[in-house]
Amino acid sequence: MAARRPDGMNRVLTVGLVAATVLTAVVAGRLGFALHDRHETEQRRQDILAAARQSALNFTSLDYRHYDRDSANVLKGATGDFKKQFTAQTAQLTKLVAQNKSVSEGQVLDAGIVRSDAHSGRVLVVADSKVTNTAVPQGEARTYRLQLDLVYRGGRWLTSDVEFVG
């Protein structure tokens with residue numbers, strides 16, 4: 001026959017088990033939220049880098065034979081001052097690019113985030129391009145170091161500013 005525990009001991013064990021269960025649930029919940037936040041942060045960083053890389057590629061890949069399409073690609077990923085400036089220069093650039101039969105084939109070599117939050121980011125991009133035109137028909141290699149500022153608008157990361165650096 002098993003020995004019976006006093007009622008006080010059963011209550012202590014029950015309270016102890018309930019407290020341990022609650023504590024375990026709280027710790028598991030906090031770890032789950034932390035993991036979720038880390039995943040969201042990493043996903044945001046990847047989205048910012050992808051948008052910056054695409055923007056830099058579009059910006060360094062322009063061909064006089066389909067400049068309307070290429071410049072439209074740049075503008076699709078643009079907003080704010082950068083979009084206004086690029087739009088204002090498009091007519092002049094279209095003539096210049098056609099006149100010189102310019103073709104620039106860009107390639108993004110590397111990109112890194114300088115800073116980011118849920119609404120904005122700054123990315124440094126290193127890109128190369130091979131540029132051919134009437135002055136350099138055999139082509140000339142160019143390297144660009146760009147600083148791109150991006151903002152999150154309408155569910156997308158858009159380039160709001162581009163600066164040549166270094």
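Predicted model: local features only at pLDDT ≥ 70, side-chain atom pairs only at ≥ 80, totals over all residues.
Met 9 belongs to helix α1; helices (H or I, at least four residues) and strands (E, at least two) are DSSP runs, numbered from the N terminus. Together with Val 12 and Leu 13, Met 9 forms a nonpolar surface patch of about 270 Å² accessible area. Patches comprise residues with over 30% relative accessible area and no salt bridge, like charges being joined within 9 Å and nonpolar side chains (Val, Leu, Ile, Met, Phe, Trp, Tyr) within 5 Å.

Residues are numbered from 1 along each chain as its sequence is written, and side-chain values use heavy atoms, with hydrogens and water left out.

Five strands form an open sheet in the order β1-β2-β3-β4-β5, with antiparallel pairing. The edge strands, each pairing on one side only, are β1 (62-63) and β5. Two strands are taken to pair if DSSP finds at least two bridges between them. Strand β2 (residues 103-116) is joined to β3 by 12 bridges in the antiparallel sense, and in this region Ile 113 stands opposite Val 123 of β3. A further 12 bridges connect β3 (residues 120-132) with β4 (residues 140-153), again antiparallel; Asp 128 has Thr 143 of β4 as its bridge partner. Strands β4 and β5 pair antiparallel over eight bridges, and Leu 150 is partnered by Thr 159 in β5. The hairpin of β4 and β5 has two residues between the strands, and Gly 154 adopts a positive phi near 55 degrees there. In a regular strand, side chains alternate between the two faces of the sheet.

Within β5 (residues 156-164) lies Ser 160, which is buried at a relative accessible area of 16%. Beyond its neighbours within four places in sequence, Ser 160 is in contact (heavy atoms within 4.5 Å) with Thr 79, Asp 81, Phe 82, Asp 149, Leu 150 and Val 151.

Because Phe 59 lies in helix α1 (residues 7-60) and Phe 82 in helix α3 (residues 80-100), the pair ties together parts 23 residues apart in sequence. Phe 82 is buried, at 5% relative accessibility. For Tyr 144 and Phe 164, the centres are 6.1 Å apart and the planes at 50 degrees, so the pair is tilted. This pair links distant parts of the chain, with Tyr 144 in β4 and Phe 164 in β5, 20 residues apart. Tyr 144 is buried at 17% relative accessibility, whereas Phe 164 is exposed, with a relative accessible area of 53%. Phe 59, Phe 82, Phe 86, Tyr 144 and Phe 164 form one aromatic cluster.

Side chains of opposite charge can pair when their charged atoms come close. With a salt bridge defined as a side-chain nitrogen of Lys or Arg within 4 Å of a carboxyl oxygen of Asp or Glu, four salt bridges were counted. One of them joins Arg 122 and Asp 149 at 2.6 Å, N to O. The two residues lie in distant parts of the chain, Arg 122 in β3 and Asp 149 in β4, 27 residues apart. Arg 122 is partly exposed at 24% relative accessible area, whereas Asp 149 is buried at 11%. Another salt bridge connects Glu 140 and Arg 142 (3.0 Å, N to O); Glu 140 is partly exposed at 35%, and Arg 142 is partly exposed at 31%. Arg 69 and Asp 70 also meet in a salt bridge (3.3 Å, N to O), in which Asp 70 is buried, with 7% relative accessibility.

Methods
Buried < 20%, exposed > 50% of the residue type's maximum accessible area, 1.4 Å probe, protein only. Phe/Tyr/Trp six-rings, centres within 6.5 Å; stacked < 30°, edge-to-face > 60°. Areas by Shrake-Rupley, 256 points an atom, 1.4 Å probe, with all protein chains shown as cover.
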